[in-house]
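Morning, everyone. Please have the structure open.

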Amino acid sequence: MKTLAILLLMKKILFISGVFALTALLSGAVSFHGSRPKPYIITYPAYFGGRFSIPEDNPTTEEGVELGRMLFYEKSLSSTNKFSCSNCHDQKFAFTDRKVFSPGVDSEVNPRNTMSLANLLWVKNFFWDGRTEGLEKQVEVPLTGVHEMGQSLDASVAKVKKKKFYAARFEKAFGSREITAKRIVKAIAQFERTLVSAGSRYDLHLQGKYRLNAEEQNGMDLFFTNPNPSKGVRGAGCASCHGGPKTYSELFQNNGLEKQPNDPDRQAITGLAIDEGRFRVVTLRNIALTAPYMHDGRFSSLEQVLDHYNEHVVQSAFLSPFIKNNSNIADGEKLGLTAIEKKNIIAFLGSLTDSTFISDPRFSDPFK
């Protein structure tokens with residue numbers, strides 16, 4: 001049977017009832033003995049924007065996503081057959097595990113806090129230090145990490161092959177019953193791209209379907225406002241880093257945790273002095289569910305996080321400029337929020353919790 005030369009990914013952005021629908025159209029890089037995979041429609045609000053990247057050789061399909069969901073929860077991908085991706089990324093905690101550091105198959109903990117997997121469709125560089133570009137490369141790291149899943153991809157392939165029900169699913173997703181490391185990685189990446197969180201009270205507010213209460217509204221105003229004491233404008237300036245409805249930006253910032261960082265941080269990746277103490281700006285979506293906070297999990301509550309930014313930022317040469325001059329006090333070095341203002345900001349952050357995301361059956365364990 002003739003094999004077609006390439007697999008094309010065509011992105012069509014369609015405006016449908018206030019959301020955009022992403023469709024991946026297949027143009028057969030492989031020969032399919034049966035029906036071709038169906039494009040998986042990822043829906044998200046128009047205000048999330050369409051600036052994302054999906055590899056041409058890994059379009060998102062219904063069959064690929066379902067296979068990826070199974071592999072995400074597949075414990076045989078670990079050396080002990082007791083761990084899956086979900087051990088560190090639990091749906092009910094917005095795909096975190098609420099631990100300071102997560103233990104792997106050898107019971108050794110990993111050096112950085114586990115991040116949420118929400119809205120990865122818009123992320124380019126992964127991990128706290130941005131060491132990998134693209135979800136496919138990201139997936140490989142925990143699968144093969146000594147202190148994570150602890151198993152080579154070849155060993156994972158051998159184990160998956162022993163489970164007879166997988167061959168047919170690989171055929172539906174990729175055109176043949178062949179099970180390979182690359183296909184395992186691609187399928188998991190497809191599933192992770194569908195983990196869109198956009199059903200919070202804040203989203204309903206943006207869509208005109210919910211009115212924030214007084215605390216939440218005041219907290220939102222402070223969140224998105226830069227302080228200007230000379231004009232009597234109070235604010236927290238959070239949006240300088242966590243701007244836009246996704247509360248995420250493709251930035252790495254030094255947020256003043258310490259004078260001399262103990263962690264190799266972003267600088268270990270780039271080799272640039274300016275990257276000292278810089279870590280990825282994570283999304284604040286579902287932030288009330290994902291404690292503890294920061295790359296080292298040092299803060300156990302949002303109150304502690306606000307206290308840090310308000311009173312304990314350490315000044316240094318590489319401190320983020322968004323933080324360095326951020327103050328509600330004329331010529332002040334501290335942010336200077338009141339106790340009530342901090343409480344209001346936390347109330348707003350609570351409105352970012354998406355109960356539909358943490359209970360969506362499309363993202364749940366298919367083996368239960």
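Serine 316 counts as buried, because its relative accessibility is 13%; buried means under 20% relative accessible area, exposed over 50%, partly exposed in between, computed with a 1.4 Å probe on protein chains only. Serine 316 sits in the loop between α9 (302–312) and α10 (321–324). Its contacts, not counting residues up to four places away in sequence, are Asn254, Lys259 and Lys324. Contact here means heavy atoms within 4.5 Å. The element names come from DSSP runs, with helices being H or I of at least four residues and strands E of at least two, numbered from the N terminus.

Now the conventions. This is a predicted model, in which local features need pLDDT of at least 70 and side-chain atom pairs count only at pLDDT 80 or more, while totals for chains, interfaces and linings use all residues. Residues are numbered from 1 along each chain as its sequence is written, and side-chain values use heavy atoms, with hydrogens and water left out.

On confidence: pLDDT is the predictor's confidence in each residue, from 0 to 100. The protein averages 91, and 91% of the residues score at least 70. Residues 1–30 stay under 50, and for that stretch the model has 80 contacts beyond four places in sequence. Where pLDDT is low, the predicted coordinates should not be read in detail.

Next, the helices. In α3 (residues 153–161), the buried residues include Leu153, Ser156, Val157 and Val160. They lie on the same side of α3, because they cover an arc of only 100° around the axis. The arc is that of the directions from the helix axis to the C-beta atoms. An α-helix has 3.6 residues a turn, so residues three or four places apart point the same way. Among the elements covering the buried residues of α3 are α1 (62–72), α2 (135–144), α4 (165–174) and α5 (181–193).

Helix α7 has Glu216, Gly219, Met220, Leu222 and Phe223 as its buried residues. These fall within an arc of 165° seen down the axis, so they line one face of α7. The cover over them includes α6 (201–206) and α11.

That brings me to the pairing of α7 with α11. Two packed helices are described by the angle between their axes and the distance between the axes. For α7 (residues 214–224) and α11 (residues 339–350), the angle is about 100° and the axes are 7 Å apart. The axes are lines fitted to C-alpha atoms, for helices over the stretch in contact, and angles run from 0 to 180 degrees between N-to-C directions. The two helices are therefore roughly perpendicular to each other; angles under 35 degrees count as roughly parallel, over 145 as roughly antiparallel, 65 to 115 as roughly perpendicular and the rest as oblique.

Which residues of α7 meet α11? On the α7 side they are Glu215, Glu216, Asn218, Gly219, Met220, Leu222, Phe223 and Phe224, and on the α11 side Glu341, Lys343, Asn344, Ile345, Ala347, Phe348 and Leu349. By class, this contact has eight nonpolar, three polar and four charged residues. The classes are Ala, Val, Leu, Ile, Met, Phe, Trp, Tyr, Cys and Pro as nonpolar, Asp, Glu, Lys and Arg as charged, and the others, Gly among them, as polar.

Helix α11 is also part of the cover over the buried residues of α9, which are Leu302, Val305, Leu306, His308 and Asn310. Not counting residues up to four places away in sequence, aspartate 307 touches His312 and Lys342. From aspartate 307 to leucine 337 is 30 residues in sequence and 9.2 Å in space, C-alpha to C-alpha.

Last, the backbone. Most residues other than glycine have a negative phi, and most peptide bonds are trans. Alanine 94 has phi near 60°; it lies in the loop between α1 and β4 (125–126) and is buried, with a relative accessible area of 0%. Aspartate 331 also has phi near 60°, but is in the loop between α10 and α11 and counts as exposed at 83%.

The peptide bond from alanine 291 to proline 292 is cis, with omega near 0°. Proline 292 is in the loop between β7 (278–280) and α9, and is one of the residues in contact with asparagine 113. Asparagine 113 is buried at 7%.
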